[in-house]
Amino acid sequence: MAVSDYQLIEAWQEVLRLSKLQAGQTVTLLTSSTTHPQTMQCAQIAAQSMGAIVNRLDLLPVNAEKALSRDSLAYLGTTPLTGNEAAIAALKASDLVLDLMTLLFSPEQIDILKSGTKILLAVEPPEILVRTVPTEADRARVTAAAALIKAAKEMSITSPAGTNLRCPLGEFPAIREYGFVDDPGRWDHWPSGFVLTWPNELGTNGTIVIDKGDILLPQKKYSTEQIILTVENGYATKIEGGIEAELLDEYMKTFNDPEGYAISHIGWGLQPRAHWSTLGLYSRENTIGMDARAFEGNFLFSLGPNNEAGGNRTTACHIDIPLRHCTVSLDGRAVVRDGKVLDGGVGEYE
Ligand SMILES: O=c1ccc(O)c[nH]1
């Protein structure tokens, strides 16, 4: 359902307040041809109403001739900032960048954050943004979960469908996504409300069963049959099943890059205002599927790059696969059991 400008301006004002925007600071809206006009307009008004100096930097789209999907998270690596020193300079000189076009997983994003600039990604449609305005409680819950990851040496995941995966931890940080940017140099994504990390390089082994009703992104579909991934030394070495497995593998083969089969981030959803059924109510062009990624109690794993976490693996192929009904444990301590988050992420021993 459509939202009014007033509602969206209020939502942006709350997110900017949580992001500690101060009067006199510089906010630059990063836009492109896919930016939602109401989001841009209301973000501009909200930032100016709080006394910020507001700029807009509009960048030309890239990768059209290479990407098969229009989803901004499907084809990674080069962005309109690649080689664009003037644009990067403007963003580094800003206190806060509202990314309304998607820089995620780009070397440029990492470089801009290092300068202390904060970046908040927000590309879901206005009504999803208004439904998932972040809260301090989201931040507290995600932070508690991240602390558990930081202390753990292994994440293990099982499910009734047959998932049985072991991920050694320790080489990469825990990433908190709670929807606002309250520290210099922080990146976040509104909507969100989940925690993730990367397994130690080459260390993940086991089986992942994508069950019927689990979600494939950027395909933006519920799988209609089981897809079975065999994971050996950090890479999906087999993708087995029926037509769904064949289609997933065919898509991944179009990148012609073995790095696309690497296990990327792993974690679980903590957002009670995100819903599994949302994806079925939107056309593919109108959402990037954040409800599925943030869904409370999912196990979200990803295939592809790890540069976002400080790794050196980049690949354009990025696939996010949130699963339901999994049990996620850290050093044997369940934090999610059968798809239910245990007590705010602070689990109990099995
Ligand atoms: O917010 C996001 C979105 C996609 C992704 O792969 C990670 N985090």
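**Strand order, edges and pairing**

Tutor: The model is predicted. Take strand E1, residues 26–31, to begin with. Six bridges join E1 to E2, and the two run parallel.

Five strands form an open sheet, and their order is E2-E1-E3-E4-E8. The pairing is parallel. Strand E2 (53–58) and strand E8 (187–189) stand at the edges. Each has a single partner strand, so one side of each is left without a neighbour in the sheet. Neighbouring strands of this sheet are turned by 20° against each other on average, with direction ignored.

Next, the antiparallel sheet. Five strands form this open sheet, in the order E7-E9-E15-E16-E17. The pairing here is antiparallel. Its edges are strand E7 (175–177) and strand E17 (319–323). Each of these has a single partner strand, so one side of each lacks a neighbour in the sheet. From one strand to the next, the twist averages 20°.

Strand E16 covers residues 299–303, and five bridges join E16 to E17. The two strands run antiparallel. The bridge partner of Phe-299 in E17 is Leu-323.

Helix H6 (residues 136–151) lies across E7, strand E9 (194–197) and strand E15 (263–269). H6 runs at about 25° to E9.

Technical notes: Residues numbered from 1 in each chain as written. Predicted model: local features only at pLDDT ≥ 70, side-chain atom pairs only at ≥ 80, totals over all residues. Heavy atoms only, no water. Pairing = 2+ DSSP bridges. Helix = DSSP H or I, 4+ residues; strand = E, 2+ residues; numbered from the N terminus. Axes fitted to C-alpha atoms, helices over the stretch in contact; angles between N-to-C directions. Contact = heavy atoms within 4.5 Å.
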